[in-house]
Amino acid sequence: MYKFPHRNILDADQFSRTDLDFIIQKTKIIQKLFKQGKTFGMLRGRLLASLFFEASTRTRLSFESAMERLGGRVISTVGFQFSSISKGETLYDTMKMVEAYADIAVIRHPVEGSSRIAAGAVRMPVINAGDGAGQHPTQALLDMFTIEVEKGKVEDLTIGFIGDLKYGRTIHSLVKLLRHYNVHIIFISPEELKLPDSYKKDFKDSVLTYEETNDIKAIWDCDVIYVTRIQEERFADHKEYERLKEIYKVNKELILASKKNTTVLHPLPRVTELSTDVDDLPNAAYFRQAEYGVVVRMALLCLLLNVEIHE
Ligand code: NCD
């Protein structure tokens, strides 16, 4: 019998296709249970430490909402200035303390690899909610769940990624999951913001195929497009950001010119890359995507805390 084999969620690399099918299946059950009002006792008595050392609205609230909807409680710290890290405490020491206060931790931190350090310090499960330009694996899981629900499948789709493919950690995570599916990816970006080669190397042993272009019209070939913000905070040279920040704008006219029934995803927040006139199209799925994030995280919290999910 399959048993969820992970203690932590740190990198999208850690998941097999079997894990992904299992997470989707369990999330669908959680969705039903929640609608029936049956989730509120599932994590009663458990505490989540919510440690966000970098800006967040959705991810933090969605984890906290997930925990509360399972009947658990949340303790939290936001930003460096209000935590002892600003007094020079190491992340290792912070985590040692947190372990005494909570049963599971979710951490967002600007330094790539930080969640692995955090997880190495403790025995409780740790979830990476974004480490710099590195990984954001739970966002990738909810993105995949969104594609599954909106399209009825992930296989055999053409998926376009647009925007900051160099620094966007949500893309870096989602492409790792998509390696397990027979999909075609079109990477649309200016030369300066292409997907790093280290991610492309991984596609060699995968069934996934891909192409790269800087032409936004390539979205007309896509069943799903995943639009992303140019990641201002990751640029070493701000002038470079200023030059590239408005390079693409996806708007209603562009989407309606496509012959395909293109589903539009965006991890949010958006700036200027996705026009608000897209919002009223039935295929604009980004607010539903944020909503699915809660049920996906509910399933993950249960799996990591060894609480069974069944109807
Ligand atoms: C993303 C992130 O933090 O990486 N947001 C999110 O978690 N929904 C995307 C972004 O900030 O552009």
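These legends describe close-up views of a ligand and its pocket in a predicted model. Local features need pLDDT of at least 70, side-chain atom pairs count only at pLDDT 80 or more, and totals for chains, interfaces and linings use all residues. Residues are numbered from 1 along each chain as its sequence is written, and side-chain values use heavy atoms, without hydrogens and water.

**View 1. Residues around the ligand.** The shell includes T59, R108, H136, Q139 and R169. By class, the shell has three nonpolar, five polar and three charged residues. Ala, Val, Leu, Ile, Met, Phe, Trp, Tyr, Cys and Pro count as nonpolar; Asp, Glu, Lys and Arg are charged; the others, Gly among them, are polar.

View 2. A polar side-chain atom of H136 lies 2.8 Å from a ligand oxygen atom. In the side chain of Q139, an N or O atom is 3.2 Å from a ligand nitrogen atom. P267 uses a backbone N or O atom, 2.9 Å from a nitrogen atom of the ligand.

**View 3. Helices at the pocket lining.** α2 (58-69), α5 (137-151), α6 (169-178) and α10 (286-304) each supply at least two residues of the lining of the largest pocket. α10 gives the most, with five residues. Helices here are DSSP runs (H or I, at least four residues), numbered from the N terminus.

Conventions. A residue is near a molecule or strand if one of its heavy atoms lies within 4 Å of it. A polar contact is a pair of N or O atoms within 3.5 Å; within protein, one must be able to donate a hydrogen and the other to accept it, and residues adjacent in sequence count only if both atoms are side-chain atoms.
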